[in-house]
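Take a look at the fold below.

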Amino acid sequence: MFDRHAGGDRAVLVSLMNGELEAVEATTELRELARSAGVTAVAEILGRSQRPDASTFAGSGKVREIADAVAGAEADMVLFNHELSPAQERNLERELGCRVVDRTALILDIFAQRAKSNEGKLQVELAQLEHLATRLVRGWTHLERQKGGIGLRGPGETQLETDRRLLAKRVKFLKDRLARLGRQRQTQRRARERNSVPTVSLVGYTNAGKSTLFNALTHSGAYAADQLFATLDTTSRRVHTPHGNIVLSDTVGFIRHLPHTLVEAFRATLDETAGADLLLHVVDASSPDREAQMREVNGVLAGIGAEDVRQILVFNKIDLAGLEPGVEVDDCGSISRLRLSAFTGAGLEHLRAALEQLARPAAAPLPEGRLEAA
């Protein structure tokens, strides 16, 4: 399993984009990922890579530039803002003389640090092991031989084959445990449906302020911090309104190129989102990249079958964006978009009105409002 960064690691950040995002914006996000993992960025290498090199991802000239940066900054590792193949990682480590960590491994490492609940830890471990399975040869090439010696003679398996078998056994155990927990979630969801308790899930890009908004609405103490993936474990609270109760859930944030292994491992948790009556899509109104972040969130929601769940767009952090609270309703009189600050409380009354609408669907339509582009 991946070693967690204990802090103090010095890294060179590498972003070689393919045109879908500006390299500077992508590096800003990589810098935040590194900070969230406890890594200090000591140098940054930007560039474009229209056709990644099959052996090292970066071209030979760029590899030399990275090697010079590693030596000059006395870096311990290189963080790539891309998914690397096992062969590319091996070749880069040989060329650079230090650890090479790709975007997937970095995100998995952050998740491993953040997971608190038993289910969250199981989900992260499963994702780590499935990612590790493709790279197992890296750790065991020196043991690729028959076991021998008194008490160690096996049935002809190599050490690598033994380790793969044990890893597969552990993966099966984790999947079985998570499947049981998933069935428990379904039972709880059916009980809520029988009791006609509406469910609302907070979704959005990581660090959009979901947990701060959750705390403001529920008066609870869910962990909230200015860092990526501050929340991994889904937290649910019952919210009382004048017209009935709802169940509000705070969920893990999404990010560009969210590792497939994580999406699959968190499937049971994400299915809870797909079964919600309403999604509050929280957007960081102060982010210049918010439109791309919204598209990424909607892409993940489509991937888990939640694209048809009703959404309210919640533009948060208006205090940082210099915007005023606002609200917009659709043709049916239901709130569809609003602006607020979960931190200062400005505009929260509009969101509470939307939750009251959900608790009493037959409520009279709200007066029309207007929300200019955030």
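Strands pair here if DSSP finds at least two bridges between them. In general, the strands of a sheet pair through backbone hydrogen bonds, either parallel or antiparallel. Helices (H or I, at least four residues) and strands (E, at least two) are DSSP runs, numbered from the N terminus.

This is a predicted model: local features need pLDDT of at least 70, side-chain atom pairs count only at pLDDT 80 or more, and totals for chains, interfaces and linings use all residues. Residues are numbered from 1 along each chain as its sequence is written, and side-chain values use heavy atoms, leaving out hydrogens and water.

Strand S1 (residues 9–17) pairs with S2 over nine bridges, in the parallel sense. Ser 15 has Leu 46 of S2 as its bridge partner.

Now the helices. Axes are lines fitted to C-alpha atoms, for helices over the stretch in contact, and angles run from 0 to 180 degrees between N-to-C directions. Contact means heavy atoms within 4.5 Å. Just after H3, Gly 97 takes a positive phi of about 70°.

How do helix H8 (residues 210–218) and helix H13 (residues 348–359) cross? Their axes come within 11 Å and cross at roughly 70°. That makes H8 roughly perpendicular to H13 (65 to 115 degrees). Leu 213, Ala 216 and Leu 217 in H8 meet Leu 348, Leu 351, Arg 352 and Leu 355 in H13.

Finally, the cores. A nonpolar core is a set of buried Ala, Val, Leu, Ile, Met, Phe, Trp, Tyr and Cys residues joined through side-chain atoms within 4.5 Å. The largest has 47 residues, and Leu 79, Leu 106 and Leu 301 have the most contacts inside it. Helix H4 (103–114) is among the elements that each supply at least two residues. H4 gives the most, with seven residues. A second, separate core of 27 residues includes Leu 202, Leu 338, Leu 340 and Ala 359.

Terms used:
Parallel < 35°, antiparallel > 145°, perpendicular 65-115°, else oblique. Buried < 20%, exposed > 50% of the residue type's maximum accessible area, 1.4 Å probe, protein only.
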